[in-house]
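Colleague: I'm new to this one. Can you put it up and walk me through it?

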Amino acid sequence: MVVGAGPVGLAAAAHLVERGIEPLVLEAGASAATAVREWAHVRLFSPWAEVTDPAAEKLLAPTGWTRPDGTTYPTGGDWAGQYLQPLADALGDQVRYGATVTGVARAGRDRIVDSGREEQPFTVHIRTADGGEERITARAVIDASGTWSTPGPMGANGLPALGERTAADRVSYRVPDLKDPAVRARYAGRRTAVVGSGASAFTALALLADLAKEEPGTHAVWILRRGIGEATYGGGEADQLPARGALGLRAKAAVEEGHASAVTGFRTEAVERDDDRLVLVAEDGRRLDPVDEVIVLTGFRPDLSFLSELRLGLDERLEAPTALAPLIDPNVHSCGTVYPHGVKELSHPEQGVYLAGMKSYGRAPTFLALTGYEQVRSITAALAGDHEAAERVELTLPETGVCGGAGLFDEPGTAQSDEGGGCCAAPATLQIGTGAPAASGGC
């Protein structure tokens with residue numbers, strides 16, 4: 001059983017087919033890649049060559065599918081329409097839409113019971129599009145449902161700020177699609193607070209700056225929980241990931257040109273109404289001038305609610321598998337120092353259940369599609385009994401850089417570099433179980 005028909009879930013299904021195992025992919029949405037379609041307007045940092053899976057390509061080949069130019073960079077819409085939906089179509093009835101997983105447990109055993117637990121199959125509870133309920137039995141569960149549905153809140157303590165929920169009509173947790181007339185009208189000529197310091201915040205700032213050049217009165221207020229330092233805007237022109245560097249430079253230009261103003265050391269505690277506008281209040285008592293809209297881009301976190309009857313081994317901070325967490329902890333590692341990993345790091349006390357893809361990273365950022373594809377290759381090898389292949393995790397990764405997320409670059413030349421395509425510089429093949437990578441890390 002695979003939960004989620006996104007990039008990693010569909011890759012898991014393709015690998016299962018390759019191993020002769022019948023998959024069933026449960027997708028809550030009405031089509032493949034529902035989450036990706038919600039950011040269809042945003043361009044990936046990684047080129048086509050790094051966002052397709054080898055097993056999936058083999059499955060697609062008989063349909064006449066050909067991968068787009070591997071050196072070009074797809075938007076989310078391109079990725080969904082030109083690769084993910086065709087892959088789901090090739091899987092046919094093995095992908096079921098309108099099926100929301102509401103619970104997973106061992107058949108006849110709640111979380112407490114030890115007796116006969118491992119001999120029991122999993123029972124997957126689903127809610128159908130028409131409101132009905134079903135139970136499906138599975139020998140194993142790969143949860144690749146991602147984190148898109150649970151964005152981080154505005155509050156600096158990880159909880160919603162006071163008044164954040166009641167201000168929901170003026171708060172968004174997505175990068176705005178300003179090509180949509182209704183969305184454009186929401187922000188044109190208005191003052192918008194952007195909360196966050198990552199690539200998504202850069203994207204929003206750059207988009208709003210472009211809008212400000214066309215719509216007088218448009219202004220962004222960039223809310224940073226820390227100060228502005230050398231690394232705030234990324235590596236700029238020296239960044240080995242050109243697209244990321246260009247994005248950081250555009251955010252920097254938005255501030256320097258006056259289209260955005262930065263507020264540093266501001267940890268939001270409350271959101272108050274001021275007539276038809278919002279006032280953000282910090283933990284230290286500072287109050288910002290009123291804004292019309294707020295865009296919160298503070299990361300994502302996994303929804304573990306439907307896994308509550310399973311015995312998961314999760315890190316108490318990141319909510320990632322215990323063995324994986326030390327490898328991806330952003331307090332210790334950069335994207336370029338995360339080692340490749342597979343079924344060993346993704347296993348839990350409850351045998352046969354795996355979190356894969358972005359969900360496996362819990363609250364950690366900078367996930368790479370290639371990492372997810374290798375995760376499910378290793379997991380499916382283990383499910384097929386090929387333990388040698390499962391443990392021999394090999395992964396070709398760019399040398400450094402934030403390799404997930406999205407950028408604004410629309411011209412192919414903007415996202416190229418003489419050092420090679422992809423996330424950053426020349427790739428290196430890394431192998432798990434051989435100690436630290438000799439030449440480079442991955443992300």
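Modeller: What follows goes from the whole chain to single residues.

Modeller: This is a predicted model, where local features need pLDDT of at least 70, side-chain atom pairs count only at pLDDT 80 or more, and totals for chains, interfaces and linings use all residues. Residues are numbered from 1 along each chain as its sequence is written, and side-chain values use heavy atoms, with hydrogens and water left out.

Colleague: How many helices and strands in the chain?

Modeller: The chain has 11 helices and 19 strands. Both are DSSP runs numbered from the N terminus, helices being H or I with at least four residues and strands E with at least two.

Colleague: And what percentage of the residues is buried?

Modeller: Buried residues are 53% of the 443 in the chain. Buried means under 20% relative accessible area, exposed over 50%, and partly exposed in between, using a 1.4 Å probe and protein chains only.

Colleague: Which residues touch the most others in the largest nonpolar core?

Modeller: L10, W79 and Y83, in a core of 83 residues. A nonpolar core is a set of buried Ala, Val, Leu, Ile, Met, Phe, Trp, Tyr and Cys residues joined through side-chain atoms within 4.5 Å. Another core of 19 residues lies apart from it, and L26, F122, V124 and A138 are among its members.

Colleague: Back to W79, what is it in contact with?

Modeller: Setting aside neighbours within four places in sequence, W79 contacts P7, V36, W39, L44, W48, V51, P74, L84, A369 and Y373. Contact means heavy atoms within 4.5 Å.

Colleague: At what angle do α1 and α10 pack?

Modeller: About 35°, with the axes of α1 (residues 7–18) and α10 (residues 369–383) 9 Å apart. Axes are lines fitted to C-alpha atoms, for helices over the stretch in contact, and angles run from 0 to 180 degrees between N-to-C directions. The crossing of α1 and α10 is right-handed, meaning that the near helix is turned clockwise from the far one by less than a right angle.

Colleague: How many bridges join β5 and β6?

Modeller: 7, in the antiparallel sense. In one of them, V101 has I126 in β6 as its bridge partner.

Colleague: What about T128, buried or exposed?

Modeller: T128 counts as buried because its relative accessibility is 15%. T128 belongs to strand β6 (residues 122–128). Leaving out neighbours within four places in sequence, T128 touches R96, G98, E133 and E134.

Colleague: Last topic, backbone angles. What is the phi of A33?

Modeller: About 55°, a positive value although A33 is not a glycine. Most residues other than glycine have a negative phi. A33 sits in the loop between β2 (25–27) and α2 (34–38), and A33 is buried at 2% relative accessible area.

Colleague: Where does E319 lie?

Modeller: In the loop between β15 (293–296) and α8 (325–328). E319 has a positive phi near 60° and is partly exposed, with a relative accessible area of 21%.

How values were computed
Two strands pair if DSSP finds at least two bridges between them.
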